[in-house]
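Here is a friendly walk through one protein chain, from its overall layout down to single side chains. Have the viewer open and follow along.

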Amino acid sequence: MYSVGNIVIYTLYGICTITEETERFFNGVNTKYFVLVPLSDTKTKITVPAENPITLSRIHSLLPSNEIEAIIEEIPFLETIWIENDNQRKKEFGDIIKAGNRKEILQMMKSIHTHALGLKNKGRKLHVSDEQCMRDGEKLILDEFSYVLGKDRILLASEIKNKFSA
């Protein structure tokens, strides 16, 4: 379980600090909440139910640097996944981001990157929802990986993008 002072990934906002644990009376019940503050926007406070399994499934501990480095080295070997149906792909990719599995997020990003290259060669562009999934995945991955590894986001983004094409 998480506690005040933990630095976590919240899949909707990136890296956050749990700044407090509080209780609120809602619908006749006292419910425990975590207050999260994103590192990228310390003026924002996010209050999330601490005992809700759906909410908790979107909060993850930071991976240790050795695991992150191993995942980065696996990128060239990740298989691309592509779902032709736009709506189904949007849902599947959204579920990948919500689940927060870093390897699956990178696999999704590599798939979008590869598809975008194919479209570019045909003079076409990515679907807007694919661009959004790519941005959401990049934010989560780059927030955590650059924070844990102490690397510049732009350099790390370039390193990862190069591995997509390797």
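## Ground rules

Contact, or touching, means heavy atoms within 4.5 Å. What you see is a predicted model, in which local features need pLDDT of at least 70 and side-chain atom pairs count only at pLDDT 80 or more, while totals for chains, interfaces and linings use all residues. Residues are numbered from 1 along each chain as its sequence is written, and side-chain values use heavy atoms, with hydrogens and water left out.

The predictor's confidence in each residue is its pLDDT, on a scale from 0 to 100. The chain averages a pLDDT of 94, and 100% of the residues score at least 70. Among the elements, α2 has the highest mean pLDDT (97) and helix α1 (residues 53-56) the lowest (88).

## Overall layout

The chain has six helices and five strands. These are DSSP runs numbered from the N terminus: helices are H or I with at least four residues, strands are E with at least two. Read from the N terminus, the order is β-β-β-β-α-β-α-α-α-α-α.

Taken along the principal axes, the C-alpha atoms fill a box of roughly 60 × 35 × 25 Å. Of the 166 residues, 39% count as buried, where buried means under 20% relative accessible area, exposed over 50% and partly exposed in between (1.4 Å probe, protein chains only). Among contacts between residues at least 6 apart in sequence, 55% join residues at least 24 apart.

## The strands around β3

Strand β3 (residues 29-38) is mostly covered, with seven of its ten residues buried. Two strands pair if DSSP finds at least two bridges between them. Strand β2 (residues 14-26) pairs with β3 in the antiparallel sense over ten bridges, and Cys-16 stands opposite Pro-38 in β3. The hairpin of β2 and β3 has two residues between the strands, and Asn-27 takes a positive phi near 55 degrees there.

Strand β3 is also joined to strand β4 (residues 46-49), by four bridges and again antiparallel. Here Tyr-33 has Pro-49 in β4 as its bridge partner. The ring of Tyr-33 also has the charged end of Arg-24 over it, 5.8 Å from the ring centre; for this, NZ of Lys or CZ of Arg must be within 6 Å of the ring centre and within 35 degrees of the ring normal.

## Two aromatic pairs

A search of the whole structure finds two aromatic pairs. The rings of Tyr-10 and Tyr-13 are stacked, because their centres are 5.9 Å apart and their planes are at 10 degrees. Rings of Phe, Tyr and Trp (its six-membered ring) pair if their centres lie within 6.5 Å; planes under 30 degrees apart count as stacked, over 60 as edge-to-face and the rest as tilted. Tyr-10 is buried at 6% relative accessible area, whereas Tyr-13 is partly exposed at 36%.

Trp-82 and Phe-93 form an edge-to-face pair, 6.0 Å centre to centre with 65 degrees between the planes. Trp-82 lies in the loop between α2 (65-74) and α3 (86-99) and Phe-93 in helix α3, so the pair ties together parts eleven residues apart in sequence. Trp-82 is partly exposed at 24%, and Phe-93 is buried at 1%.

Start with His-113, which lies in helix α4 (residues 102-121) and counts as buried because its relative accessibility is 10%. Leaving out residues up to four places away in sequence, His-113 touches Met-134, Lys-161, Phe-164 and Ser-165. Its side chain makes a polar contact of 3.4 Å with the side chain of Ser-165. A polar contact is a pair of N or O atoms within 3.5 Å; within protein, one must be able to donate a hydrogen and the other to accept it, and residues adjacent in sequence count only if both atoms are side-chain atoms.

Helix α5 (residues 128-149) holds Asp-143, which is buried at 13%. A 2.6 Å polar contact links the side chains of Asp-143 and Lys-139. Beyond four places in sequence, Asp-143 touches Tyr-13, Gly-14, Ile-15, Glu-138 and Arg-153. Val-148 is found in helix α5 too and is partly exposed at 24%. With residues up to four places away set aside, Val-148 touches Leu-62, Leu-63, Pro-64, Ser-65 and Ile-68. Val-148 and Leu-62 are 86 residues apart in sequence, yet 7.6 Å apart in space, C-alpha to C-alpha.
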